[in-house]
Number of protein chains: 2
Amino acid sequence: MPSPYTLVATDPESRARAGILQTRRGTVETPVFMPVGTQGTVKAVSPDELRALGAKIILGNTYHLHVRPGEKLIAGQGGLHKFMNWDRTILTDSGGFQVFSLAKLRKVTEDGVHFQNHLDGTPTFIGPERSMEIQRDLGSDIVMAFDECPPHPCTHEEAARSLDLTLRWAQRCRDWWDAQPEEDRPLVFGIVQGSSHPDLRERSARGLVDIGFDSYAVGGVSVGEPEPEMMQAVENAVPFLPEDRARYAMGLGTPPQMLEMIARGIDMFDCVLPTRIARNGTAFTRHGTVALKNAANAEDPSPIEDGCPCPACQGFSRAYLRHLIKAEEILGLRLVSLHNLHFYLSLMRQAREAILGGTFAAFRRDFVEGYAPRPGLREPEGT
Amino acid sequence: MPSPYTLVATDPESRARAGILQTRRGTVETPVFMPVGTQGTVKAVSPDELRALGAKIILGNTYHLHVRPGEKLIAGQGGLHKFMNWDRTILTDSGGFQVFSLAKLRKVTEDGVHFQNHLDGTPTFIGPERSMEIQRDLGSDIVMAFDECPPHPCTHEEAARSLDLTLRWAQRCRDWWDAQPEEDRPLVFGIVQGSSHPDLRERSARGLVDIGFDSYAVGGVSVGEPEPEMMQAVENAVPFLPEDRARYAMGLGTPPQMLEMIARGIDMFDCVLPTRIARNGTAFTRHGTVALKNAANAEDPSPIEDGCPCPACQGFSRAYLRHLIKAEEILGLRLVSLHNLHFYLSLMRQAREAILGGTFAAFRRDFVEGYAPRPGLREPEGT
């Protein structure tokens, strides 16, 4: 299986690397951030705006789109790309995370998961083959293998049982695609599980590589565990993943966390934080987050961040944004969403430039030191 | 006083006319629709989008901006244009309508109105001079004289008392501006009141013309009265307003109503309908409104209206818009807002072209006949 990932440069002082991921809809320079389009739209933002921000790839949520409006309806409309008017790459998650975080009355069997959906309680089943069918019907360019996502904390015994099930499901996902006509195949990524147990992360990674996927993700992170455990989960998986495949850390994180993950060999990220906290009026800056509602911004004529080229900072003051947010005007959360997405997308471009230019260590140190961390900002993926 | 309005063409079969209104920020071709920017933003829409839709003038609400964030804050930020990043013409209403429709514990005196604002009950006073000061501080290009807006229905005696007060207030507004340095003066419009009483509409119009304003509005319409009464209120006022001044019917209406008003000599309109019903998923078409939530749209790959050049119709299907609206995604109401604003702005441009081309009678007849009226859609102005 030829690799879709081309390694372009590595950082001499860490595992950080710059690369290019080739999908059937174009090339994606890594490290890359993927805005989350949970329900067929990145919240509050238009496809044109995403293109203008330089997004090359976005994420769609298999569970949400299956529940509403349904993958058959979307397929009948020409697929998710046409439905939402996005012609660049789409990665879809497996549905596993939401089945385990949102759905009700779950029953897990060897076959898959029976559950009631969170909207109207309709009894539903998703297993590995079903997840692949849904993602195929959506027209995804990068499909994730169906996985069980155990909660945190999780005993060694429980995590082992779960990841072995996930490995068997991964094999079934691989088999399902191998039975499809080659020309229709998207990229298929496996998901490393294993909770916070180093030996299980290794076992999971090795097992997936034995099956063979186009690239690999680290899942079961950013599920409520302390940040050091999250870093270790990645450190325990990455050494067992091939250098010539992309690596995707699912559902995170804060800006410093992403740089730390890049230093640990991660290439791809998705996170709802930029758009979610925007809707509450919180903006990212080099020096941490800013709650625009605060009275300190009431008469501040400066933009969210001086020198920022995003549409919010180029046209509007903190005073105006604060007014919009307090008045619950949609334009306020639109503009902050654009700023925050620009911040994430731009941070990844800067990290890539730093890796290519051999200055990543300084870039990472300066950014992380200059960024005032705000605890409690981590959120689970794509809910 | 030189007129800001230049008559360009008239319709031989009605009072319809095409003209140009000159403000200190540019020219406005009439008939014209003014999107309503109640709280310093046209709901869900960005200034760039408004410019792209061809909007030349928008409306700001004096009452709302006074209550939050306050005209002094906006003046400190360089005025409303700079605050909201809109460099074209802004008309502000007088605050009268909202004082009489939203505020609590009103007490009307010869001086003005004491009330408690609708947000936090702060005791507030707005009279004619105060309204002029607020609109001056906002930096409005077209200021409306402060008026009392009586409810519907209204006896002859009550309407007469009210409009005489409004006339005295109008004189005080005129006097206030005459005492200002000439170079700072925006245009100032008087507002005809008189409820549904023909003699009072005439008395109000004649009284305002005696005082002398840059142009004139018809207020106290679209306040709950039957449509024929609304038409008559305009018919009873227009003959007493000068041909060489613009005429603005406040706070309406449906697309057919606007064409009927144009036929009665009206040049300018504002209405919250296009953006308000968009937020509920209702779109305007040549054949009436469409509730996009309806199941009939679930798998409809066509746009809201075939051939419509708006950003919603150029990129997105009814099926997708229905999905967004049902999923309560902001992009849905954004796109329908854009479509509806385009519909209103475009309708006025088409009416102007028809007047210029001598085909207004046929245009009006064809449009009104083709449009399936939907009762109950009229809404009060700018609330």
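How are helix 13 of chain A and helix 14 of chain A oriented to each other? They are oblique to each other, a class for angles that are not under 35 degrees (roughly parallel), over 145 (roughly antiparallel) or 65 to 115 (roughly perpendicular). This is a predicted model, where local features need pLDDT of at least 70, side-chain atom pairs count only at pLDDT 80 or more, and totals for chains, interfaces and linings use all residues. Residues are numbered from 1 along each chain as its sequence is written, while chains are lettered from A and ligands numbered from 1 in the order in which they are written.

**The helix pair in chain A**
- The axes of helix 13 (residues 318-326) and helix 14 (residues 330-357) of chain A come within 7 Å and cross at roughly 125 degrees.
- Axes are lines fitted to C-alpha atoms over the stretch in contact, and angles run from 0 to 180 degrees between N-to-C directions.
- Helices are DSSP runs (H or I, at least four residues), numbered from the N terminus.

**The interface**
- In chain B, 29 residues are in contact with 29 residues of chain A (C-beta atoms, placed from the backbone, within 7 Å).
- Helices 3 (71-76), 4 (80-84), 13 (318-326) and 14 (330-357) of chain B each give two or more residues to this side.
- Helix 13 of chain B gives the most, with 5 residues.

**Symmetry**
- A rotation of 180 degrees with 0.0 Å of shift along its axis superposes chain B on chain A (RMSD 0.0 Å), by least squares on C-alpha atoms of residues with pLDDT of at least 70 in both.
- The two copies are thus related as by a two-fold rotation axis.
- The C-alpha of B:Ile330 is the nearest to the axis in chain B, 3.9 Å from it.

Terms used
Contact = placed C-beta atoms within 7 Å.
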